[in-house]
Amino acid sequence: MSTLIVPPLLSSPRDDAMHLYRAFKGFGTDTSAVISILAHRDAAQRALIQHEYRALYAEDLLKRLTSELTGKLETAVLLWMHDLPGRDAIIVRQALIADILNLETATEVICSRTSSQIQVFKQHYYAKFGVHLEHDIELRASGDHKKLLLAYVSTPRYEGREVDRNMVEKDAKALYKAGEKRWGTDENTFIRVFSERSAAHLAAVDSAYHNMYGNSLKKAIKKETSGHFEHALKTILQCSENPAKYFVKLLRKAMKGLGTNDTALIRVIVTRTEIDMQYIKAEYLKKYRKTLNDAVHSETSGHYRAFLLALLGPNQ
């Protein structure tokens with residue numbers, strides 16, 4: 001079956017909808033054509049394609065994709081078809097209501113997002129599922145982890161780069177007093193600082209903490225906290241300093257050892273492609289002396305591999 005490659009600049013959403021319909025028709029799906037269209041369209045274009053497809057064929061494109069694709073490719077393409085906040089809402093909801101609760105994934109997504117991203121995805125969460133994100137967190141998380149997540153999703157944070165040096169020093173002292181200096185840990189101080197301060201401020205606190213006490217804040221968190229609470233604090237801290245580095249670690253973990261954690265691989269690639277993938281690719285190459293494309297190529301196969309590599313773009 002010869003595949004029609006349709007460049008995005010030469011194709012309208014209506015054309016794309018028609019090409020997809022042709023790819024679905026007949027015996028077997030022209031999966032390469034589906035990939036060549038959808039992997040090269042941005043969120044606005046994908047929304048328009050869905051609209052045109054419904055108008056032309058009185059059929060929901062997502063439902064059609066579900067019946068035409070299978071396995072990991074189906075999972076990746078269906079996730080990709082949503083816009084950024086809608087996607088985050090779906091991932092977090094699935095993690096929180098699953099029979100086997102997946103607090104690790106919910107924490108990863110919530111704590112690696114900016115304040116404005118969280119506000120938008122909370123709106124999508126409510127619109128899609130008819131419940132507030134806070135309600136599901138309240139129901140499924142517990143203890144200090146729950147307190148931190150609730151504070152983190154409801155507190156607006158400054159997103160600029162300016163920091164107040166006096167406040168930075170104050171917070172570094174407060175965290176030292178709340179953790180390493182005392183017997184037991186004052187978790188509320190950690191929750192307050194980590195949920196209220198900007199990314200730039202937290203990165204500066206980490207640096208000040210190291211200068212003042214000769215130890216990294218990350219090590220202090222590891223020593224003073226545990227479980228999902230520790231994971232949430234470390235995610236917030238790492239993403240305040242270098243989100244790309246954080247996602248490189250997740251990708252490496254997903255591909256390391258025997259077998260691949262495809263759920264994590266799909267989640268990170270699909271959710272970061274339209275945000276900071278070029279930085280993630282650069283960090284991956286710097287850290288592992290291998291391109292992310294080559295790593296993904298060696299861990300995947302078939303149309304699933306082709307789709308992920310199309311999202312990643314040039315091998316560099």
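Mentor: Helices here are DSSP runs of H or I with at least four residues, numbered from the N terminus. The model is predicted.

Trainee: Which element gives the largest share of the lining of the largest pocket?
Mentor: The largest pocket has a lining of 22 residues, and E104, E108, H231, L250 and K253 lie nearest its centre. Two or more lining residues come from each of α7 (103-111), α15 (227-241), α16 (243-255) and α17. The largest share is six residues, and the element that supplies them is α16.

Trainee: How many residues of that lining are charged?
Mentor: The pocket in question holds about 510 Å³ of space. Its lining includes six nonpolar and seven polar residues, and the charged ones number nine.

Trainee: Which element gives the most to the lining of the second largest pocket?
Mentor: The second largest pocket, with about 430 Å³ of space, is lined by 26 residues, and those nearest its centre are R113, T114, A199, C239 and S240. The elements with two or more residues in this lining are α8 (115-129), α13 (199-213) and α15. With four residues, the one that gives the most is α15.

Trainee: How many residues in the lining of the second largest pocket are nonpolar?
Mentor: By class, this lining has eight polar and eight charged residues. The nonpolar residues number ten.

Trainee: How many residues apart in sequence are the parts that K72 and D262 tie together?
Mentor: The side chains of K72 and D262 form a salt bridge, N to O at 3.7 Å. K72 lies in helix α5 (residues 71-80) and D262 in helix α17 (residues 262-272), so the pair ties together parts whose separation in sequence is 190 residues.

Trainee: In the salt bridge of E59 with R64, which residue is buried?
Mentor: The closest N and O atoms of E59 and R64 are 3.4 Å apart. E59 has a relative accessible area of 24% and is partly exposed. At 16% relative accessibility, the buried residue is R64.

Trainee: How far apart are the closest N and O atoms of R272 and D276?
Mentor: R272 is buried at a relative accessible area of 3%, and D276 is buried at 8%. The two form a salt bridge, and the distance between their closest N and O atoms is 3.0 Å.

Trainee: How many salt bridges does the structure hold?
Mentor: Side chains of opposite charge can pair when their charged atoms come close. The pair of R272 and D276 is one of the salt bridges. Shared partners also join R46, R87 and E274 into one network. The number of salt bridges in the structure is 22.

How values were computed
Residues are numbered from 1 along each chain as its sequence is written. This is a predicted model: local features need pLDDT of at least 70, side-chain atom pairs count only at pLDDT 80 or more; totals for chains, interfaces and linings use all residues. Side-chain values use heavy atoms; hydrogens and water are left out. A salt bridge is a side-chain nitrogen of Lys or Arg within 4 Å of a carboxyl oxygen of Asp or Glu. Buried means under 20% relative accessible area, exposed over 50%, partly exposed in between (1.4 Å probe, protein chains only). On a 1 Å grid over the protein atoms alone, a cavity is a set of points where a 1.4 Å probe fits but cannot get out, and a pocket is an open set with protein on both sides within 12 Å along at least five of seven lines; lining residues have an atom within 4 Å of a point. Grid points are joined across faces, edges and corners, and a volume is the space filled by probe spheres set on the points. Ala, Val, Leu, Ile, Met, Phe, Trp, Tyr, Cys and Pro count as nonpolar, Asp, Glu, Lys and Arg as charged, and the others, Gly among them, as polar.
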